[in-house]
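This note is for a colleague opening the model for the first time. Please keep the structure in view while going through the points.

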Amino acid sequence: MAWIDALFHRMVEVGASDLHLTSGLRPLFRQSGDMTPIDGAPVIGPDEMRQVLYEIAPERNRAEFEQTNDTDFAYEVEGLARFRANLFMDRNGPGAVFRQIPSEVLTAAQLGLPKAVLDFCMLSKGLVLVTGPTGSGKSTTLAAMIDHINKTRTDHIITIEDPIEFVHRQQRCLINQREIHRHTQSFKRALRAALREDPDIVLVGEMRDLETIEIAIETAETGHLVFGTLHTNTAPSTVDRIIDQFPADRQNQIRTMLASSLKGVIAQTLCKKKPKGRAAALEILVANTAIAANIREGKTHGIVSAMQMGGKLGMKLLNDSLLELVRAGTVEPSEAFLKSVNKDDLLAKLQSIGVSFDPSKFGECVEVPAAIGALPGAASAPRPQAAAPTPQPRAPTPLPRAPMPHPSAAPSAASSALAPPAPNAPPRGWTDPFEQFKKQRPG
């Protein structure tokens, strides 16, 4: 067992989504969106960090890291979970971020995906995009949609990912999962090859460049259902992003192709739940005649109006989804405000349901609706002092003391335990967990 596995066990135990390792600092977890230091974890120096990371990195990724100073791979702790890893170099030395990928795919019912999203899974052809900022849960939503298809259809699904995250077991569908750099050279190469592999459904983990986007649109036009992801915040901005990838002299052609092939966009963002956890706010675009006409004519500003009129089809704007979460008591109004793209509109919607607060405390310059500005003390009251930080609770299970093994050493029962943080003056009888590393250093 690798030394870092103890951190992964603690990560799953406390429900953290990410593990952050930086040379010269104590490891941290991201829990419910907040960064929290790990109790009992030591400060890890640059040399020790390299040894910790190389213990689990595949040989190919070690070589790539030495050459380019960053690399991606997936790591699995048997019986626990899979983790998406990114190794990088910064001014302090080697570092890494690990994202937890549950061993079991969350179902559409568990995620509470609306009917409009499930309807996308029943399409026979077209392009469906799941978008949002990094860490917004795009992979989780796509995995739930593929799982829904796997249970309800009898098709051939090809996924192209970097790296493979959720592992899908064969149910009613045949699923081939390909990983960039392990099973194919690039997204565009794998996507071109997929056309000769008799797929019904193709999932493109990330549409990174012009050629990949173009092949994905062509694949959707030739009678396949294509799922993909983009890093955009709203449905209209997704359409603009795709079109802007192409040279000006080709944009009219792409608008026409996209108008006929795009079937839907799911733009999502994660909000902090009360009292803890995360909740997804979804903006849903269902391509109808009005949406297609706006795309074809280059009038993407008219997509919002078309979405407002398409509620019967399941269309929903991000602010409407945020408002539902606030009304249900799932998230705080302040959290919804911070996640909103159109903050003026959200303030007006919150006011309409009797929820108001002073947006100036969030450092935002917005037009405050009259009723909010008229709140007693809203204009003249001094800004409240920042509340003292709430101390982080200790993890349920204390980590025992144990020396950290060198990766080449034989595994032992204690290798899964973390050493305590190294203080300035070590207590009597305490063993330096990095003594092995110090002995191995030249000089």
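1. Some terms come first. Contact means heavy atoms within 4.5 Å. Axes are lines fitted to C-alpha atoms, for helices over the stretch in contact, and angles run from 0 to 180 degrees between N-to-C directions. Helices (H or I, at least four residues) and strands (E, at least two) are DSSP runs, numbered from the N terminus. Two strands pair if DSSP finds at least two bridges between them.

2. This is a predicted model, in which local features need pLDDT of at least 70 and side-chain atom pairs count only at pLDDT 80 or more, while totals for chains, interfaces and linings use all residues. Residues are numbered from 1 along each chain as its sequence is written, and side-chain values use heavy atoms, with hydrogens and water left out.

3. The six-stranded sheet. Its strands follow the order S3-S2-S1-S6-S5-S4, and the sheet is open with antiparallel pairing. The edges are taken by S3 and S4, each with a single partner strand, so one side of each has no neighbour in the sheet. From one strand to the next, the twist averages 25 degrees.

4. Pairing within that sheet. Strand S2 (residues 28-31) and S3 are antiparallel and share four bridges; glutamine 31 is opposite aspartate 34 in S3. Strand S4 (residues 70-77) pairs with strand S5 (residues 81-90) over eight bridges, again in the antiparallel sense, and aspartate 70 is opposite phenylalanine 88 in S5. The hairpin of S4 and S5 has three residues between the strands, and glycine 79 there takes a positive phi near 80 degrees. S5 also runs antiparallel to strand S6 (residues 93-102), joined by 10 bridges. These two strands, S5 and S6, form a hairpin with two residues between them, and aspartate 90 has glycine 93 in S6 as its bridge partner.

5. The seven-stranded sheet. Seven strands form an open sheet with mixed pairing, in the order S9-S8-S10-S11-S7-S12-S13. Strand S9 (174-179) and strand S13 (278-286) are at the edges with a single partner strand each, so one side of each is left without a neighbour in the sheet. Here the twist averages 15 degrees from one strand to the next.

6. What lies on the seven-stranded sheet? Strand S7 (residues 126-131) and strand S12 (residues 262-272) are parallel partners over five bridges, with valine 128 paired to glycine 264 in S12. Helix H10 (residues 251-261) packs on the sheet and touches S7 and S12, its direction making about 80 degrees with that of S12. Helix H6 (residues 138-152) lies across S7, strand S8 (156-161), S9, strand S10 (201-204), strand S11 (225-230) and S12, and runs at about 165 degrees to S11.

7. Helices H9 and H10. Two packed helices are described by the angle between their axes and the distance between the axes. Helix H9 (residues 235-244) packs against H10 at about 135 degrees, with the axes 9 Å apart. H9 is therefore oblique to H10 (angles under 35 degrees count as roughly parallel, over 145 as roughly antiparallel, 65 to 115 as roughly perpendicular and the rest as oblique). The crossing of H9 with H10 is right-handed (a crossing is left-handed if the near helix is turned anticlockwise from the far one by less than a right angle, and right-handed if clockwise). On the H9 side, Val239, Ile242, Ile243 and Asp244 meet Gln251, Arg255 and Leu258 of H10.

8. Helices H8 and H10. Helix H8 (residues 210-221) and H10 pack at about 50 degrees, with their axes 9 Å apart, and are therefore oblique to each other. Their crossing is left-handed. Ile217, Glu218, Ala220 and Glu221 of H8 make the contact with Ile254, Met257, Leu258, Ser260 and Ser261 of H10.

9. Salt bridges. The structure holds 21 of them, a salt bridge being a side-chain nitrogen of Lys or Arg within 4 Å of a carboxyl oxygen of Asp or Glu. One joins the side chains of aspartate 34 and lysine 272, at 2.6 Å from N to O. This pair links distant parts of the chain, with aspartate 34 in strand S3 (residues 34-37) and lysine 272 in strand S12, 238 residues apart.
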